[in-house]
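Here is a short briefing on one protein chain. Look at the sequence and the 3D view first, then read the points by topic.

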Amino acid sequence: MSYNQLFLPEIREMLAENDEEHLREFCYDFHPARTAEYIEGLTAQEIWELLRHCDLPQRVEIYSFLDEDKQLEIFETAPRNEIATLVADLPADDRVDILNELDRPTGNEILALLPVEDRRDISRLRAYPEGTCGSMMTSDFVRLSETMTVGEAIQEVGQQLHTKETVYYLYVLDEGEHLVGLVSAKQLLASVGRSETIIRDLMKRDLITVEATEDSSEAADAIARYDFLAVPVVDEEHRMLGIITYDDVIDVNSDLVTKHVHQMGAVQPMEQPYLETPFFTIWHKRVVWLACLFVAELFTFSALAHFNAELEQLVVLAMFIPLCISVGGNSGAQAATLVTRSLALGEVRLRDWFRVMRHEIMMGLALGLSIGLIGFTRAVLTPESVIGTVDRWLLGITIAQSVALICLVGTIVGSLLPLGFKRVGIDPAVASSPFVATFVDVTGIIIYFTTAKFWLLTGVLAPMVTLPATMMEFSLTNPTPEARRQMQEICRQELAPMEGVRFFYTTDTFPVTQSDGETMALPGSCNSEYQVRCVLFFKDENASHEFHDSKQLTQFLKSCKDLCYDHRMTRERGTLGKTEITEFFQ
């Protein structure tokens, strides 16, 4: 049992016996926040019955520290006239917030019981859109006239003290309610010995204000930057409307941080605590973004499918895919987090996009070279049994360059996405780590395989070359050694000189028998029914298509009918080592 729960049986016993003296003592023995914590386990009816035993100011204090759900439940179950009395004494911004959470019939019943002045104040504050300075301000502030003396001001503060939320700052207004100056409570008390001094001579005129229609983050920035306890809210004509206190900003910032953390994790913001949110609600808020990211990741599948031929030829590339791709997502997430936070703090503006990009290009190069060196070392140390026939130094260069480029792209994308979202009016926090990672995954695949293709397959230093190829196999009418040699010679004479053919060789594929008296290396299946095979490599795909559509090929096949009774052609891509075809490349 928790420490808080120890009080519940005792409180319930006092309520059952209607022990007014001890119930009242309990309400005053602790700080209101601690009292609210101790009674959280009671029902709404029990809490209200307890609060009836303390004065209205103390009742308001304890109520303000209760959980929001418990506050709403009390509003819905307690007598309307008693709730109206409580609402009338709540801070202006707090009562607007709680009334906005109530269902319309209950809220209207309570509003109807409030004094006219309070109803007007609530209606005025509720008119401002959610998220603006006007929606979170309170109209409870101390007003002074610039013509007052210090003595008169002190008396005025004493009269307003019990109805105002804060008296740290005393706002000086003219007859038109325009804000003209400010006097701090400390400054006023320090002038007690000069009671005839005019407030006009004491007040500070150069004030930091926010407009009611501005985003609430402007008030938060002002309070944080200048260490204010409150910031005044004015309209377009500089008439004083209310104040926003530091505790209101703390609540707003807490909500914003929670929202941004959810968004950066690709989860729609939740209004209730995690364990108290219904399962279906959490599922819905998570599945939407997850589905969007999954659909986006399908482009990664398409990119991999496009480089399937390269992956089949160099299987070792598959082992380095996670290593190379992850660095893009990680570097992008770092950049997105830094820029998003800088935007929130006002350290970076949209007009700074070029400076941000220039900074992140340099940072991406530095990070890419650092991580690329690690990737190069790991690739070079790959065991022979894994690396196969691939040149380990060229593989190291491939991995290092891929990692450096992917890191650079990830850094640039991660830094510019928040600025782009901000520009079109979307919360920069949406440029979350999963979103950036998904985007960089696709580009990373393209960068990785393009680099690998250059260094390992088609580049000047590549140990192998991949070209479109056609394999032709023939079944001989008379499968003797002489007939095979004759067929091979015809293929060399007729096919090799054809335009577009870049390399040509022939092999025997029929099973070797003792009577043949020959030793052969059989590249194909020993059970093949074809006795002669020739392979043609073409300079490009167009040359391959032209060969298959040419009249020369048709004439050649007709001329071979006397030597073979069947043939087969297979189109594919083939990989050759450059050492095999040095003369061809010359």
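Tyr-168 has a relative accessibility of 47%, so it counts as partly exposed, since that class runs between under 20% for buried and over 50% for exposed. The model is predicted.

**Surface patch**
- Tyr-168 sits in the loop that links α12 (150-160) to β2 (169-173).
- Together with Leu-229, Tyr-246 and Ile-250, Tyr-168 makes up a nonpolar patch on the surface.
- The accessible area of these four residues together is about 390 Å².

**Nonpolar cores**
- In soluble globular proteins, nonpolar side chains tend to be buried together.
- In this model, the largest nonpolar core contains 55 residues.
- Ile-39, Ile-74, Phe-75, Leu-99 and Ile-244 are the residues with the most contacts inside this core.
- Another core, of 33 residues, lies apart from the largest one; Leu-317, Ala-336, Val-390 and Val-436 are among its members.
- Leaving out residues up to four places away in sequence, Leu-99 touches Phe-75, Val-87, Ile-110, Leu-111, Ile-122 and Arg-126.

**A three-stranded sheet**
- Three strands form an open sheet in the order β4-β5-β6, and their pairing is mixed.
- β4 (210-211) and β6 (240-245) are the edge strands, each pairing on one side only.
- Two bridges join β4 to β5 (residues 230-234), and this pair runs in the parallel sense.
- Which residue in β5 stands opposite Val-210? The residue there is Val-233.

How values were computed
Residues numbered from 1 in each chain as written. Predicted model: local features only at pLDDT ≥ 70, side-chain atom pairs only at ≥ 80, totals over all residues. Heavy atoms only, no water. Patch = residues over 30% accessible without salt bridge, like charges linked within 9 Å, V, L, I, M, F, W, Y side chains within 5 Å. Areas by Shrake-Rupley, 256 points an atom, 1.4 Å probe, with all protein chains shown as cover. Salt bridge = Lys/Arg side-chain N within 4 Å of Asp/Glu carboxyl O. Helix = DSSP H or I, 4+ residues; strand = E, 2+ residues; numbered from the N terminus. Buried < 20%, exposed > 50% of the residue type's maximum accessible area, 1.4 Å probe, protein only. Core = buried A, V, L, I, M, F, W, Y, C linked by side-chain atoms within 4.5 Å. Contact = heavy atoms within 4.5 Å. Pairing = 2+ DSSP bridges.
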